[in-house]
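This report walks through strands, core and aromatic side chains. Please keep the sequence and the model open while reading.

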Amino acid sequence: MISKYIVFDLPSGAGGMAAAIYNSQTLKKIRLFSEQYKIHYKSKTQKNKLRVWFEREEDYTLFFLVFDIASQWSRPRLENGTYEET
């Protein structure tokens, strides 16, 4: 089991609209990444943070090598934590 995830900070303000739009755009990019590289992921959005878990350790390396981080509002980072169903 992988005990880390990628976290994207979501913008605040605009009554949550900015966070919702950014969250949707980021998830679309992650979905395309997942389809292109055949990588399974799980995601959760909580308290202005989007968290993404991959099944394999090497998937995180590939993500940071190929994902267009420069186009992101804030730089994604790795944090420790396991995925729990809610």
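How many bridges join β1 to β3, and do these strands run parallel or antiparallel? There are 4 bridges, and β1 and β3 run antiparallel. Strands pair here if DSSP finds at least two bridges between them. Helices (H or I, at least four residues) and strands (E, at least two) are DSSP runs, numbered from the N terminus.

This is a predicted model, in which local features need pLDDT of at least 70 and side-chain atom pairs count only at pLDDT 80 or more, while totals for chains, interfaces and linings use all residues. Residues are numbered from 1 along each chain as its sequence is written, and side-chain values use heavy atoms, leaving out hydrogens and water.

**Strands**

β2 is joined to β3 by 6 bridges, and this pair also runs antiparallel. Two partners in β3 can be named. Ile6 stands opposite Val52. Tyr41 has Phe54 as its bridge partner. In β3, 5 of the 6 residues are buried, so the strand is largely enclosed by the rest of the structure. Buried means under 20% relative accessible area, exposed over 50%, and partly exposed in between (1.4 Å probe, protein chains only).

The hairpin of β2 and β3 has 2 residues between the strands. Lys47 lies in this loop. Its phi is positive, about 50°, although Lys47 is not a glycine. Asn48 sits in the loop between β2 and β3 as well. Asn48 is not a glycine either, yet has a positive phi of about 60°. Lys47 is exposed at 81% relative accessible area, whereas Asn48 is partly exposed at 39%.

Lys4 lies in strand β1. Its side chain makes a polar contact of 2.6 Å with that of Glu57. Such a contact is a pair of N or O atoms within 3.5 Å; within protein, one must be able to donate a hydrogen and the other to accept it, and residues adjacent in sequence count only if both atoms are side-chain atoms.

**Core**

The largest nonpolar core has 20 residues. Those with the most contacts inside it are Phe8, Ile30, Leu50, Phe54 and Phe63. A nonpolar core is a set of buried Ala, Val, Leu, Ile, Met, Phe, Trp, Tyr and Cys residues joined through side-chain atoms within 4.5 Å. β1 (4-9), α1 (17-37), β3 (49-54) and α2 (57-66) each give two or more residues to this core. The largest share, 5 residues, comes from α1. In soluble globular proteins, nonpolar side chains tend to be buried together.

Leu50 shows how these parts meet. Beyond four places in sequence, its contacts (heavy atoms within 4.5 Å) include Ile6, Phe8, Leu27 and Ile30.

**Aromatic side chains**

The whole structure holds 11 aromatic pairs. Rings of Phe, Tyr and Trp (its six-membered ring) pair if their centres lie within 6.5 Å; planes under 30 degrees apart count as stacked, over 60 as edge-to-face and the rest as tilted. Two pairs are listed here.

| Pair | Centre to centre | Plane angle | Class |
|---|---|---|---|
| Phe33 and Phe54 | 5.9 Å | 50° | tilted |
| Phe63 and Phe64 | 5.3 Å | 90° | edge-to-face |

Phe33 in helix α1 and Phe54 in strand β3 are 21 residues apart, so their pair links distant parts of the chain. Phe33 is buried at 5%, and Phe54 is buried at 4%. Phe63 is buried at 0%, but Phe64 is partly exposed at 29%. One aromatic cluster includes Phe8, Phe33, Phe54 and Phe63.
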